[in-house]
Amino acid sequence: MLLHVVADQPDRISTLRMLLGAKFSVSSSLLRKEHNVPKNCDAAIVSVDLRNADNIVALKELAAKFKGAKRKIFILDQKARLFAAQAYALGATHVLFNPVTARSLLAVLIDPSSIELTDDTGGQGARGAASAGAASLALMFAAVLHGQPIDVADAKSAACKISNCVAEEGLSEWLEVVRRHHEGTYQHCLLVTGTAVAFGLSLGLAEADIERLYSAAMFHDIGKAKIPLAVLDKPSRLEPGERALIETHPAAGHTILKRTRGISAEILHAVRHHHEYLDGSGYPDALCAESISDLVRILTIADIFAALIEFRQYRPAMPRAQAYEILGGMHGKLEAPLVKAFREVALNR
Ligand SMILES: [Fe+2]
Ligand SMILES: [Fe+2]
């Protein structure tokens, strides 16, 4: 595998060469200097300070040279959504944060099934939709952080691409591609959107309902933009205070979207209530069955399933069958006929 490293400082290049040189053939160049990017380069690794506007301009100019690379891995210093959004907008397929280790880089670079998938057109379709979705989510989260308006049309159009992709290529393909190429909350939202669409299709929902469903899924966790990443992505058990903070996200999302044009009342309801359970044990409003819409009941099942099968650096992804078993055990909380109907989606679709 041929890798090309681009960095804005020589020591960043040496570090990456040290981490990767033993396993791969690595070429490198300094940003804004002559770039001899190999034509058949498999992965580009970019380690550049994105706070510097000149660096962003230089990376935009360089983008065409990396067009053929299957993976574009950006390594960032600041674990901030704004910079992750910037990286995705510059074409990143993966974003990692410093300090990176050989292990985290290898997890992204050496994945035999990934190579297989990216070589077929189906995989590229899912990858394109996943990248567009991740970029849209990143921009949406950055807008919330900066008190700027959310681009609702962009998010809906990205969700529509996901919907088409799942309808054409199936859920399994979508889940594999998203888990391999995306992390954290963006990964989760992409998984929920794809799962919700597959579920909606299997239930035979009308096109307008599928549209409501994928829009609600795309926006459902926007309130997490207000939760620090240190809590959101914490690899160990959450303290009660941290758990309480995370549980503020549905109401926070509702508050954010209430003032956003283009968000329907149904989507607002779904964003606020996707953690409610039929028996009243959910949050934030402890709603009971009669107050929970069908759209939310479907979304909640997709949300729980997606959360269970997520890929995290620190633990293996749970098999789909095991995740479905957990859903099946949530008696009284989820609508039993819906959980039954979800079986086929969870296991086979
Ligand atoms: Fe949530
Ligand atoms: Fe969620």
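Domain 1 and domain 2 bury about 1500 Å² between them, of which 57% falls on carbon and sulfur atoms; buried area here is the accessible area (1.4 Å probe) lost by two parts on being put together, summed over both. The domain assignment of the protein places domain 1 at 2–110 and domain 2 at 121–347, with bounds that come from an automatic or database domain assignment. The C-alpha centres of the two domains are 30 Å apart. Across the interface, 12 residues of domain 1 are in contact with 21 residues of domain 2, a contact being heavy atoms within 4.5 Å.

The structure is a predicted model, in which local features need pLDDT of at least 70 and side-chain atom pairs count only at pLDDT 80 or more, whereas totals for chains, interfaces and linings use all residues. Side-chain values use heavy atoms, with hydrogens and water left out, residues are numbered from 1 along each chain as its sequence is written, and chains are lettered from A and ligands numbered from 1 in the order in which they are written. The average pLDDT (the predictor's confidence in each residue, from 0 to 100) is 88, and 95% of the residues score at least 70. Over residues 112–123, however, the pLDDT is below 50, and this stretch has 22 contacts in the model beyond near neighbours in sequence.

The iron ion (ligand 1) is coordinated at 2.1 to 2.2 Å by Asp221 (OD), His249 (NE2), His274 (NE2) and His275 (NE2). Donors are N, O and S atoms within 2.8 Å of the metal (3.2 Å for Na, K and Ca); water is not among the atoms, so sites may look incomplete. Along the chain, the donors of this ion follow the spacing D-x27-H-x24-H-H. Aspartate 221 also bridges the iron ion (ligand 1) and the iron ion (ligand 2), which lie 3.3 Å apart. Aspartate 221 belongs to the loop between helix H10 (207–219) and helix H11 (229–232), while histidine 249, 28 residues apart from it, belongs to helix H13 (residues 249–258); helices (H or I, at least four residues) are DSSP runs numbered from the N terminus. Aspartate 221 is buried, with a relative accessible area of 0%, and histidine 249 is buried at 1%, where buried means under 20% relative accessible area (1.4 Å probe, protein chains only).

Leucine 171, in helix H8 (residues 171–181), is likewise buried, at 0% relative accessibility. Beyond its neighbours within four places in sequence, the contacts of leucine 171 include Val166, Gly194, Arg320 and Arg349.

Conventions. Helices (H or I, at least four residues) and strands (E, at least two) are DSSP runs, numbered from the N terminus. Buried means under 20% relative accessible area, exposed over 50%, partly exposed in between (1.4 Å probe, protein chains only).
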